[in-house]
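Hi everyone, thanks for coming. Please have a look at the screen, and I'll walk you through a couple of spots I liked.

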Amino acid sequence: ARLKSIIKSLIDNAYKHGGDSVSVGLEIAKARTNSGRLEIRVSDTGSGVGEKYRDSIFDRFSRQAYPGDKHLDLANVRKFMEFAGGTIELIDSNSGATFQLSIPVLETP
């Protein structure tokens, strides 16, 4: 349920800040460098995250980039990911913003 909330928050964020013509993509794959992890990328074609905000968007109470958000803030997203043994990062992309989540793959007996 938390992963669903995290992805929904990232998608909602893209639509909220990207305008009416933004496109959002979701890519899920096993990590190339570590087969025990799953990578999820949420990317959009919006204006991206401004350079002055890139280092602080995951800080607790950071509202500089996205004032007034009502969904999970990125600090809480990062905290949830860490609790699950995962990570989230803003990665470079040709346009818009791309967030990469990495989580352990659950092995079934």
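Keep in mind that this is a predicted model. Let's begin with the aromatic rings: the structure holds 1 aromatic pair.

Where in the chain do Phe58 and Phe99 come from? Phe58 is in the loop between β2 and α2, while Phe99 belongs to strand β4. They are 41 residues apart, so this pair links distant parts of the chain.

Phe58 has another neighbour to point out. Arg78 lies over the face of the Phe58 ring, 4.2 Å from the ring centre.

Now let's move to the helix called α1. It runs over residues 2-18, which makes 17 residues. From first C-alpha to last, α1 reaches 24 Å, close to the 24 Å expected at 1.5 Å a residue.

Which residues of α1 are buried? They are Ile6, Ile7, Ser9, Leu10, Asn13 and Ala14. These residues cover an arc of only 155° around the axis, and that is why they sit on the same side of α1.

One last stop: just after α1 comes Gly19, with a positive phi of about 90°.

Conventions:
Residues are numbered from 1 along each chain as its sequence is written. This is a predicted model: local features need pLDDT of at least 70, side-chain atom pairs count only at pLDDT 80 or more; totals for chains, interfaces and linings use all residues. Side-chain values use heavy atoms; hydrogens and water are left out. Helices (H or I, at least four residues) and strands (E, at least two) are DSSP runs, numbered from the N terminus. The expected span of a helix is 1.5 Å times one less than its number of residues. Buried means under 20% relative accessible area, exposed over 50%, partly exposed in between (1.4 Å probe, protein chains only). The arc is that of the directions from the helix axis to the C-beta atoms. Rings of Phe, Tyr and Trp (its six-membered ring) pair if their centres lie within 6.5 Å; planes under 30 degrees apart count as stacked, over 60 as edge-to-face and the rest as tilted. A charge sits over a ring if NZ of Lys or CZ of Arg is within 6 Å of the ring centre and within 35 degrees of the ring normal.
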